[in-house]
Amino acid sequence: MSAYAAVYRRLIYPVYHRLVGHGALAAIEELARNEDLDRNAMLELEARKRADLLGHAAAHVPYWKEQLDRLGIAPGAAADPEVFARLPVTTKAVIRERRDDLVSRELTGNRLDPNSTSGSTGQPLQFYTDLRSKAYRKASTVRLRRWVGVEQGDTVAHIWGSPIDQARAEAWRGRLHSWVTREVFLSAYELTDDDMNRYAGILRARRVGLAVGYPSVMSAFGRFCADRGMDFPALTSVICSAETLYPQQRKTIQQTLGVTVFNRYGCRELGDIAQERPGVNGLVVNSDRIYVEIVDDD
């Protein structure tokens, strides 16, 4: 760990989050404690959180009170996975039509933030997240990076193409955030040879330890660098997300960049859902934060 990373992790990050007070530090500590839970204890935690969530929804969220009443399901009973499966899936159409009825009427000590998808699969979806969601998203990011050996304050590069993220990164707050956190956003929207040459220089100059990007972009970037004899001694891991990671892409990234590749699954509505970690076959679900349900045989 560099001197700055140590200062950031032990001073800057905790002081900032205590001042803003949205609960990220407590969420980080909670998720870290949950790492020690065995399967049965984790299942009990999941059930308790589902019951708390459904109880809150029945009392304060008009849409979900309506659905539970319509189906004749008591909030406590709905926490059972078999009963929970009877609840209707919240589709994008439902969110568009009933967005205000999906907002809790009890927001004491909380705050809503407008959010949206990029619209890459069609029409953008407008929705809300809140402070609690933000806290646990941050905590999940910290945990998933620790799985691959990256701590708060270590240098991270995002080779990413979302116009939403690019606009945020280019705003003054985004630039300040990048300077303080040592996270750099490199646009993959139009990835030319000049862009990749410049990005390679940034990765070397900043001694980036983790790169996050699309599988297609990271494999193309890896081939570009390998063809020109570029190497990155500080780079140890690549996290791929937002697209399917195919075996050949994983192999290409590993061979050309000399790193270990980890697959991550998430979405803008919920944040990080699951990720690979060393020593485990498959993706590990953040099941103490997100309940993942298999809805049908497909």
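Predicted model: local features only at pLDDT ≥ 70, side-chain atom pairs only at ≥ 80, totals over all residues.

Student: Okay, salt bridges. How many are there by the rule?

Tutor: The count comes to 16 salt bridges. The rule asks for a side-chain nitrogen of Lys or Arg within 4 Å of a carboxyl oxygen of Asp or Glu. Side chains of opposite charge can pair when their charged atoms come close.

Student: Which residue meets Glu151 in a salt bridge?

Tutor: That's Arg9, at 3.6 Å from N to O. Glu151 sits in the loop between helix H8 (131-147) and strand E3 (156-160) and Arg9 in helix H1, so the pair ties together parts that are 142 residues apart in sequence. Helices (H or I, at least four residues) and strands (E, at least two) are DSSP runs, numbered from the N terminus.

Student: Which residue does Arg98 form a salt bridge with?

Tutor: Glu66, with the closest N and O atoms 2.9 Å apart. This pair links distant parts of the chain, with Arg98 in helix H7 (residues 92-98) and Glu66 in helix H4 (residues 62-71), 32 residues apart. Arg98 is partly exposed at 22%, and Glu66 is partly exposed at 37%.

Student: And what does Asp288 pair with?

Tutor: Asp288 forms a salt bridge with Arg143, and the closest N and O atoms are 2.7 Å apart. Asp288 lies in the segment after strand E9 (284-285) and Arg143 in helix H8, so they tie together parts that are 145 residues apart in sequence. Asp288 counts as buried at 3% relative accessibility, and Arg143 is buried at 8%.

Student: Which residues are linked with them in a network of salt bridges?

Tutor: The network links Glu35, Arg143, Arg277 and Asp288.

Student: Switching topic: what makes up the nonpolar surface patch?

Tutor: Val7, Leu11, Val15, Tyr16, Leu19 and Val20 make it, and it covers about 560 Å². Patches are made of residues with over 30% relative accessible area and no salt bridge, with like charges joined within 9 Å and nonpolar side chains (Val, Leu, Ile, Met, Phe, Trp, Tyr) within 5 Å. The areas come from the Shrake-Rupley method with a 1.4 Å probe, and for residues only the protein chains shown count as cover.

Student: Where is Val7?

Tutor: Val7 is in helix H1 (residues 3-20). Val7 is partly exposed, with a relative accessible area of 39%.

Student: What's the volume of the second largest pocket?

Tutor: About 230 Å³. Among its 13 lining residues, the closest to the centre are Asp154, Thr155, Arg207, Gly209 and Ala234. The lining divides into three nonpolar, six polar and four charged residues.

Student: Arg207, okay. Where is that one found?

Tutor: Arg207 is in the loop between helix H11 (193-205) and strand E5 (210-213). Arg207 is exposed at 57% relative accessible area, and has a positive phi of about 50° although it is not a glycine.

Student: What about the phi of Ala242?

Tutor: Ala242 has a positive phi of about 75°, and it is not a glycine. Ala242 lies in the loop between strand E6 (237-240) and helix H13 (247-257), and counts as exposed at 56%.

Student: Last one: where does Gly149 lie?

Tutor: Gly149 is in the loop between H8 and E3, and counts as exposed at 60% relative accessibility. The C-alpha atoms of Gly149 and Arg33 are separated by 18 Å, and the two residues are 116 residues apart along the chain.

Key
Residues numbered from 1 in each chain as written. Heavy atoms only, no water. Buried < 20%, exposed > 50% of the residue type's maximum accessible area, 1.4 Å probe, protein only. 1 Å grid on protein atoms, 1.4 Å probe; cavity = no way out; pocket = protein on both sides within 12 Å on 5 of 7 lines; lining within 4 Å. Points joined across faces, edges and corners; volume = space filled by probe spheres on them. Nonpolar A, V, L, I, M, F, W, Y, C, P; charged D, E, K, R; others polar.
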